[in-house]
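User: I would like to learn how to read a model feature by feature. Please give the general idea each time, then the case at hand.

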Amino acid sequence: MGPDSKDNSEIRDRMRQIIIHVDMDAFYASVEVRDDPSLAGKPLIIGALPTERGVVATCSYEARKYGVHSAMNIKEAYRRCPHGIYMHPNFDKYRQVSEQIRRIWYDYAVKMETIALDEAYLDVTYSAGSFERAGEMAREIKARTLSEVGLTCSVGIAYSKTAAKTASEEKKPDGYFEIRTQQDFVDLMIDRKVRALYTVGEKTAEKLNRLGIYTIRDIQERKQEVLERFGKHGQLITDLAFGIDERQVVEYKPEDAKSLSREVTFQEDTGNYRLLDDVLVLLALSVENRTRRHGLHGNGVTLKLTYADMQSITRSKAITADNAEAIYTEASKLLEKVEKRPVRLIGTGIYNLSGDEGRQMTLDDYLKDPAADKQKQEIIVKRLGELEARYGLDFAGHLEDIYHGNTLHRTIEYMRKHFPNT
Ligand SMILES: [Mg+2]
């Protein structure tokens, strides 16, 4: 091993977690096949009909063979797979199944973090106590998910969250895979492309490639350079390249949530309301990310402020919102109307959550002028561009971190300190 072997062994001693990541296989499509066996073995695409606007939500493994994948425009999916079966999603049903499977999974975990309708991290460090027992649990989870719900899932067991997620992907579908140690993770990943690391998106991969960094090994060997070039994100990238990930499983059940919000406390109070409006853009994006993953939308938008004298106010507007545009636009209007005093905290979110009943699929949406929709999306794109120019930021490749809150606070604090004097 290289110069990092000492660091690695220290970290191994500190983190003794056993985490199972469970992920249903082609979830929406599998539910539909279960309920209509005549669909079995056929390329099934859930999202929209080929004549409609929309994107692929999930598709069966048969459809994937034609190059169809989730988030693909439905027209493109149709071009690749014209004989596929196209269906609207049935979110009510998927949510019910989701509750059912998570009840099974929760029997095994000390803590469970739901990260999507069909996906969760289970902390079994204390309920299993060993990788052997965790393996038995994982096989039991698979067997019960199949016998009680009629669906297959893939499980990954590992010492960290990232490794567990990597492991569950490894043998999909109906997969089972273990990554017991940091060294096992590195051995598995070392010759893979940088994109195989969970924090490396398409844009970041391109940037790394331009520097001649193509594999995980390249990242390890040129650690210093990655750290210098990519700043905070570089730390995350290099940590993961060495298998370092000490994040804990955080108990989270979406159905317990009545609201979703993000707030930030500044290190120093600010009376700069243009800055506050900019901050709302990032907070709205972060809220949107969670609504998407859990298939939820809010029936109201809130703005919360705590003034420098600790007085807190909440303003809200009843309006359907499940995306950053809607959340930001409303929160921004609410901000305009408040008393302009220095604040220490700002937050925004949505409340009165309900499941997303395929809102994109209503007749209204089909009849809506696509240009109007696009214009709405452009608000966030335009505002992000303004933020980049104003603060000298570059969001490309970093938005994921902001969505997940990894760098949200640091970015906002950076903005506060670097607001240009005009
Ligand atoms: Mg899945």
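User: Where is the place of T58?

Analyst: This is a predicted model, in which local features need pLDDT of at least 70, side-chain atom pairs count only at pLDDT 80 or more, and totals for chains, interfaces and linings use all residues. Residues are numbered from 1 along each chain as its sequence is written, and side-chain values use heavy atoms, with hydrogens and water left out. Helices (H or I, at least four residues) and strands (E, at least two) are DSSP runs, numbered from the N terminus. T58 belongs to strand β3, residues 58–59. For the chain as a whole, the assignment gives 18 helices and 14 strands.

User: Is T58 buried or exposed, and which residues does T58 touch?

Analyst: Buried means under 20% relative accessible area, exposed over 50%, and partly exposed in between (1.4 Å probe, protein chains only). T58 counts as buried because its relative accessibility is 10%. Of the 422 residues of the chain, 51% count as buried. Contact means heavy atoms within 4.5 Å. Not counting residues up to four places away in sequence, T58 touches A26, F27, Y28, A29, L44, I45, I46 and R64.

User: Which peptide bond is cis?

Analyst: The bond from K172 to P173 is cis, with omega near -10°. P173 is in the loop between α8 (161–170) and β8 (176–179).

User: Which residues are the protein donors of the magnesium ion?

Analyst: Donors are N, O and S atoms within 2.8 Å of the metal (3.2 Å for Na, K and Ca); water is not among the atoms, so sites may look incomplete. Here the protein donors are D23 (OD), M24 (O) and D118 (OD), at 2.1 to 2.5 Å from the magnesium ion. Their spacing in sequence is D-M-x93-D. Distant parts of the chain are linked by a pair 94 residues apart: M24 in strand β1 (residues 19–24) and D118 in the loop between β5 (111–116) and β6 (119–123). M24 counts as buried at 3% relative accessibility, and D118 counts as buried at 14%.

User: How many residues does the largest nonpolar core have?

Analyst: A nonpolar core is a set of buried Ala, Val, Leu, Ile, Met, Phe, Trp, Tyr and Cys residues joined through side-chain atoms within 4.5 Å. The largest has 46 residues, and V279, L282, L305, L335 and I346 have the most contacts inside it. Elements giving two or more residues to this core include β9 (259–270), α13 (273–294) and α16 (370–391). The largest share, 11 residues, comes from α13. Leaving aside neighbours within four places in sequence, L282 is in contact with L384, L387, F395, I402, L408, T411, I412 and M415. Another core lies apart from this one; it has 37 residues, among them F91, Y94, A134 and L151.

User: At what angle do the axes of helices α10 and α12 cross?

Analyst: Axes are lines fitted to C-alpha atoms, for helices over the stretch in contact, and angles run from 0 to 180 degrees between N-to-C directions. The axes of α10 (residues 202–210) and α12 (residues 223–241) come within 12 Å and cross at roughly 145°. The contact is made by T204, K207 and L208 of α10 with V226, F230, H233 and I237 of α12.
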